[in-house]
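Have the structure open while you read.

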Amino acid sequence: MPGIFSGSGSAAFHGSVDPLCAPIPPYRPVRLPSRGPAEFVILIFLFLTGTTKVTLTLRPERTPVYIGDKVTMECRVEDSITDLTYRFHKVGNGHNYEVKQTTERTYTIESVSQSDSGEYQCDVYRAGYPQVLGLSNRVTLTVHEHPKATLTLRRHRDVVYTGDTVTMDCRIDDSFTVWRYQWYRGNVANRGSPTKDVTGPTYTIQSVTQSDRGPYWCEAQRDDPPHRSRPSNAVSLTVKDTVAMDCSTECNFTGWRYHWYRGNGAYWGSPIKDVTGHTYTIQSVTQSDSGAYWYDTCRDDPPHRSQRN
């Protein structure tokens with residue numbers, strides 16, 4: 001290699017050398033103990049590895065990022081070198097595979113998934129030159145799932161009847177705050193129909209009817225990351241009909257005791273036990289409750305009895 005080595009026990013770069021091929025610009029002498037095969041091994045190693053400073057950065061810089069977020073990696077070269085090709089690699093666990101090769105210095109994942117988590121690194125080279133000019137630092141991409149919403153139904157009893165008040169609560173399973181809640185009625189997979197004017201964590205239906213039956217679910221959004229929650233579980237609201245009968249006497253006497261019957265009034269029918277008030281309510285009415293109902297009243301003082309109704 002004429003013109004490269006000079007001086008006893010030393011090696012130095014001389015003459016016209018392309019700066020892209022120079023491992024340590026400006027060219028510095030490399031002191032060797034003696035001239036021999038070792039000189040050529042070291043020189044070739046320095047020549048092929050390159051020392052151009054390459055820096056890989058991640059945008060957004062925060063970690064973690066969440067599923068569906070947009071992530072950009074930028075590979076920057078310190079020297080003013082043009083016509084570069086950038087290679088982005090995913091590394092770790094004994095694997096190193098190229099995810100993108102481009103003349104642009106950025107690599108963007110438009111919608112990240114958890115499978116994109118891991119360490120990344122980039123290197124740069126120039127067409128026509130065999131050596132890598134520089135290898136960057138590693139950056140770690142951590143992709144998390146969004147917090148999950150949980151929907152619960154408040155109830156004072158196991159069955160909801162027409163006329164009851166029903167309240168549902170939407171809770172986010174995380175420490176993040178300032179959520180805006182969306183409530184939906186229908187199938188989660190099909191998004192259902194949003195309920196209007198309800199943005200808080202509680203949704204109340206006053207005096208439910210049969211038309212309020214069906215599945216309900218919720219989710220939430222916020223301005224800062226994480227920007228949204230995962231959809232909640234669906235809660236199915238089942239409403240059973242209630243029938244209430246009320247009797248009254250057309251007078252101002254008090255102290256009445258009420259007797260309720262089911263069947264033909266001419267034959268008294270069957271007395272209904274344990275109902276002595278002026279109202280008789282059938283919770284969760286069914287076809288078997290069909291039929292005639294009537295009542296009469298009595299009291300200790302005159303008039304002792306009312307007309308049957």
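1. A salt bridge here means a side-chain nitrogen of Lys or Arg within 4 Å of a carboxyl oxygen of Asp or Glu. Keep in mind that this is a predicted model. By that cut-off, the structure holds nine salt bridges.

2. Take Arg-180 and Asp-223 to begin with: they form a salt bridge, with their closest N and O atoms 3.2 Å apart. Arg-180 sits in strand 16 and Asp-223 in the loop between strands 19 and 20, so the pair ties together parts that are 43 residues apart in sequence. Arg-180 is partly exposed at 36% relative accessible area, while Asp-223 counts as exposed at 60%.

3. Strand 9 is worth a look for two pairs. Asp-123 meets Arg-87 in a salt bridge at 3.0 Å, N to O. Arg-87 belongs to strand 6 and Asp-123 to strand 9, so parts 36 residues apart in sequence are tied together. Asp-123 is buried, with a relative accessible area of 7%.

4. The other pair is Glu-119 with Arg-138, at 3.2 Å between the closest N and O atoms. Glu-119 is partly exposed at 28%, and so is Arg-138 at 45%.

5. Now the open three-stranded sheet, which runs in the order 3-5-8 with antiparallel pairing. Strands 3 and 8 are the edges, each pairing on one side only. Strands 3 and 5 share six bridges, and Leu-58 has Met-73 in strand 5 as its bridge partner.

6. Lastly, a salt-bridge network links Arg-59, Glu-74 and Arg-105.

Definitions and conventions:
Residues are numbered from 1 along each chain as its sequence is written. This is a predicted model: local features need pLDDT of at least 70, side-chain atom pairs count only at pLDDT 80 or more; totals for chains, interfaces and linings use all residues. Side-chain values use heavy atoms; hydrogens and water are left out. Two strands pair if DSSP finds at least two bridges between them. Helices (H or I, at least four residues) and strands (E, at least two) are DSSP runs, numbered from the N terminus. Buried means under 20% relative accessible area, exposed over 50%, partly exposed in between (1.4 Å probe, protein chains only).
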